[in-house]
Amino acid sequence: QVQLQESGPGLVKPSQTLSGTCTVSGGSITTNYYYWSWIRQPPGKGLEWMGAIAYDGSTYYSPSLKSRTSIFRDTSKNQFTLQLSSVTPEDTAVYYCARVGDFFSYDYWGQGTQVTVSS
């Protein structure tokens with residue numbers, strides 16, 4: 001059984017960089033042909049896909065966030081990390097990591113981590 005666990009800062013000040021890590025157990029992030037995504041949900045709004053890192057290390061980003069987003073991985077720890085720079089209060093959200101499995105569907109999710117941007 002694959003499990004994902006997010007860890008995040010909780011509170012970030014405006015203009016700083018938000019960093020969150022997803023630790024995966026029960027499966028390797030290098031296994032063909034899975035993709036590992038970051039998704040967020042601001043309060044009162046829907047889910048927003050932010051980006052993903054593939055089994056081979058390739059990265060993909062939402063066009064609206066691409067200039068501020070970076071996703072990288074540590075295969076020795078079976079983790080992948082999101083960095084979002086120059087945050088504003090509009091980046092306040094619950095941040096989820098998830099796996100894209102067969103048929104391009106999300107088959108495993110973390111429980112989410114709340115990040116609040118406030119001074």
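Which is glycine 44, buried or exposed, and what is its relative accessible area?

Mentor: Glycine 44 is exposed, at a relative accessible area of 89%. The cut-offs are under 20% for buried, over 50% for exposed and partly exposed in between, with a 1.4 Å probe and protein chains only. First, the ground rules. The model is predicted: local features need pLDDT of at least 70, side-chain atom pairs count only at pLDDT 80 or more, and totals for chains, interfaces and linings use all residues. Residues are numbered from 1 along each chain as its sequence is written, and side-chain values use heavy atoms, leaving out hydrogens and water.

Glycine 44 sits in the loop between E4 and E5. Strands (E, at least two residues) and helices (H or I, at least four) are DSSP runs, numbered from the N terminus.

Phenylalanine 104 lies between E9 and strand E10 (106-109). It counts as exposed, at 72% relative accessibility. Its phi is near 55°, a positive value in a residue other than glycine. Asparagine 78, in the loop between E7 and E8, also has a positive phi, near 55°. Asparagine 78 is buried, however, with a relative accessible area of 15%. A cis peptide bond joins asparagine 32 and tyrosine 33, with omega about -10°. Tyrosine 33 belongs to the loop between E3 and E4. As background, most residues other than glycine have a negative phi, and most peptide bonds are trans.

Serine 62 is another loop residue, between strand E6 (59-61) and strand E7 (69-74). It counts as buried, at 8% relative accessibility. Beyond four places in sequence, serine 62 is in contact (heavy atoms within 4.5 Å) with Trp49, Met50 and Gly51.

Next, the interior. A nonpolar core is a set of buried Ala, Val, Leu, Ile, Met, Phe, Trp, Tyr and Cys residues joined through side-chain atoms within 4.5 Å. The largest one here holds 24 residues; Leu4, Leu18, Val24, Trp36, Trp38, Phe80 and Tyr95 touch the most other members. Among the elements giving it two or more residues are strand E3 (18-25), strand E4 (35-41) and strand E9 (93-100). Valine 24, neighbours within four places aside, contacts Val2, Gln3, Leu4, Ile29, Trp36, Asn78 and Phe80. That list includes the asparagine with the positive phi.

One disulfide turns up in a search of the whole structure (cysteine sulfur atoms within 2.5 Å). It joins cysteine 22 to cysteine 97, S to S 2.1 Å. Cysteine 22 is in strand E3 and cysteine 97 in strand E9, so the link ties together parts 75 residues apart in sequence. Cysteine 22 is buried at 0% relative accessibility. Cysteine 97 is likewise buried at 0%. The link is right-handed, with 65° about the S-S bond.

Finally, the sheet. Four strands form an open sheet in the order E1-E3-E8-E7, with antiparallel pairing. Strand E1 (3-7) and E7 stand at the edges with a single partner each, so one side of each has no neighbour in the sheet. Two strands pair if DSSP finds at least two bridges between them. E3 and E8 pair in the antiparallel sense over six bridges. Glycine 20 has leucine 82 in E8 as its bridge partner.
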